[in-house]
Amino acid sequence: MRRTIDIYLRLISVQIRSQMQYRASFLMSLSATALITFLGFGSLAMVFWRFDNIGGWTLWEVGFLYGMVEAAFGTMDLFFSGFNPHIFSRLIRMGTLDQILLRPLSVTLQVLGSSFIMKRLSRISQGALIFVISVAMLDVHWTPAKVAYLPLVFFGLMCFFGGFFVIGSTLTFWTVQPIEVVNIFTYGGREMIAYPMHIYERWMRDFFTYIVPAIFLNYYPALYFLEKPDPFGMPDFAPFLAPVVGVGMLVASFAFWSYGIRHYQSTAT
Amino acid sequence: MAPIIKVENLHKHFKVARHRRGFLGAFRGLVSREYETVRAVDGISFEIGRGELVGYIGPNGAGKSTTIKILAGLLVPTGGTVIVNGRVPWRERKSHVATIGAVFGQRTTLWWDLPVIESLELLQYVYDVPPERFRRNLAEFREMLELDQFLETPVRSLSLGQRMRADLCAAMLHDPMLLFLDEPTIGLDVVAKERIRQFIRRINRERGTTIILTTHDLSDVEKLCERVMIIDHGRLLFDGELSELRNRFGGEREMVVYFDQEYDEVAVDGAEVVSRNGKRVTYRFDGHEITASELIGRISARHRIRDLSVREADIEDLVRKIYEGRLLEAPDAG
Ligand SMILES: Nc1ncnc2c1ncn2[C@@H]1O[C@H](COP(=O)(O)OP(=O)(O)O)[C@@H](O)[C@H]1O
Ligand SMILES: [Mg+2]
């Protein structure tokens, strides 16, 4: 285990140093991403300036959802850079995956260590900032349980979206090019759960409850943290499903991933 | 002693989608795909002993890389058995690859943006090489491969020859008992080729590393290998000593002659006219029977030669001769 962590850190440090070599472009993309995220939240604030609530939620309540998803997704995006389907498919096309198979290390570990996109940091810090400001403005009633549960929700969100990355990458074993449909779940899902789920049409909400259970990752935990009533009458444990759903998603996606690698080893595109 | 590699009736078939022509074809291709089976490796058996340096040669698309990928544990075969050093490569990938080194043509194992030395140091951890061992090997390979001039250069700025040298060093740092080299001299100039050949020879002699080398350059094997395997269309055509190969099939050469004018009759004893294009005539002759200068003498006795060039047989010629020989010897073989 210690050797695994040691190797992982060494691989990541290679990635960080490579990005530092192109310092100017690195700083530019960092600030560009920051600007885009801010504009995103800025336009949301504009909506509130006119309507003063979304589905009965105030700006800061939505900011709680929004900041949480942005920060968690960004962190996932950073650590799972190698599993980003666009980056991973390049790994296959360039034959780098064969080099990975030639080394006496786990393939998953090496893919995780094959990319670490530092500019995601700007998205993470924007999200964290929006989250912190929102919490400050909201005057949340903190209990020890809530404080303990918050990182678990964050972790659940990371695992959940990481799972989509892994599935999207695994599919490129068959398709070579990444598939857009997966992006609808990954990025579409992220956009959706940044807002209160009760503002959406029934069929859409049902889809993100029973088929892709994203509703349990952000909306239900927010109901718990902000002590809001559940408009859909789910069982009382619904707000606490976030880590379970997230980890379950990731475990299932890694099972698919192992299957994909076996497929790759019998076809080698 | 038990062989280090034992391959029996190895098969690797690829299913490839057949491309249909035109717009309608592309549309039908979406609806129902037709597959074609490519038999990249089609029933190959051989054994390789410890310390051998084997040339695995064949024309493009013969199945060389596919075989090497299976032996290296990257690819799972369709059928047959493979035991390398007591293991089935693809079943125990991690422990298998820890004991082998491999270099695949122009693909590098090194980190693109890192200076060569840092890549090598990283591999020390990847393969868990004891520091003392690592230092000794690195010092030795630096000298053998003359790495010092570009040790601090990022891999992306290396020339092809330099990158191959760095990759060879990387493949040997963990003292593998087996080294797979897939077209290690492809795209290199004569000097770079020679340097790499010297390294391969020394590694084999001094360390006793078993080496399998694929190439479609006959001069690689002629300079390096005692044992040669020739593969074509996924089948083994020849497996034996280089000297035997040379005696049976070697020595064929071609001479292209440019005459001063177009002659009606250009045939000459001891050579066969392969092609004719105005003043340009190509002869094929057997180097065992007649030397190039004898042939030139015979031709120039009758015609005026302006220019000429002599070409050694390449792998395609060799494969063709083997097929021809087979047809003569055993009409029902294959
Ligand atoms: N991943 C693959 N998918 C489909 N066909 C392949 C694949 N790899 C190799 N082939 C086919 O198998 C045959 C042998 O290829 P290869 O082993 O690369 O030959 P060589 O290395 O001798 O040039 C070729 O016809 C090639 O097109
Ligand atoms: Mg090849």
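A charge is taken to sit over a ring if NZ of Lys or CZ of Arg is within 6 Å of the ring centre and within 35 degrees of the ring normal. The model is predicted, local features need pLDDT of at least 70, and side-chain atom pairs count only at pLDDT 80 or more. Residues are numbered from 1 along each chain, and side-chain values use heavy atoms.

**View 1. Charges over tyrosine rings.** A:Lys146 lies over the face of A:Tyr224, at 5.8 Å from the ring centre.

**View 2. Aromatic pairs.** Over all chains there are 34 aromatic pairs (rings of Phe, Tyr and Trp, the latter by its six-membered ring, with centres within 6.5 Å; planes under 30 degrees apart are stacked, over 60 edge-to-face and the rest tilted). The ring centres of A:Phe73 and A:Phe161 are 5.0 Å apart with planes at 65 degrees, so this pair is edge-to-face. The pair links A:Phe73 in helix H3 (residues 59–79) of chain A with A:Phe161 in helix H8 (residues 144–175) of chain A, 88 residues apart; helices are DSSP runs (H or I, at least four residues), numbered from the N terminus. A:Phe73 and A:Phe161 are both buried, meaning under 20% relative accessible area (1.4 Å probe, protein chains only), with exposed over 50% and partly exposed in between.

**View 3. A tyrosine pair.** A:Tyr149 and A:Tyr224 have ring centres 6.0 Å apart and planes at 75 degrees, so they are edge-to-face. A:Tyr149 belongs to helix H8 of chain A and A:Tyr224 to helix H11 (residues 219–225) of chain A. A:Tyr149 is buried, at 7% relative accessible area.

Technical notes. Chains are lettered from A and ligands numbered from 1 in the order in which they are written. Helices (H or I, at least four residues) and strands (E, at least two) are DSSP runs, numbered from the N terminus.
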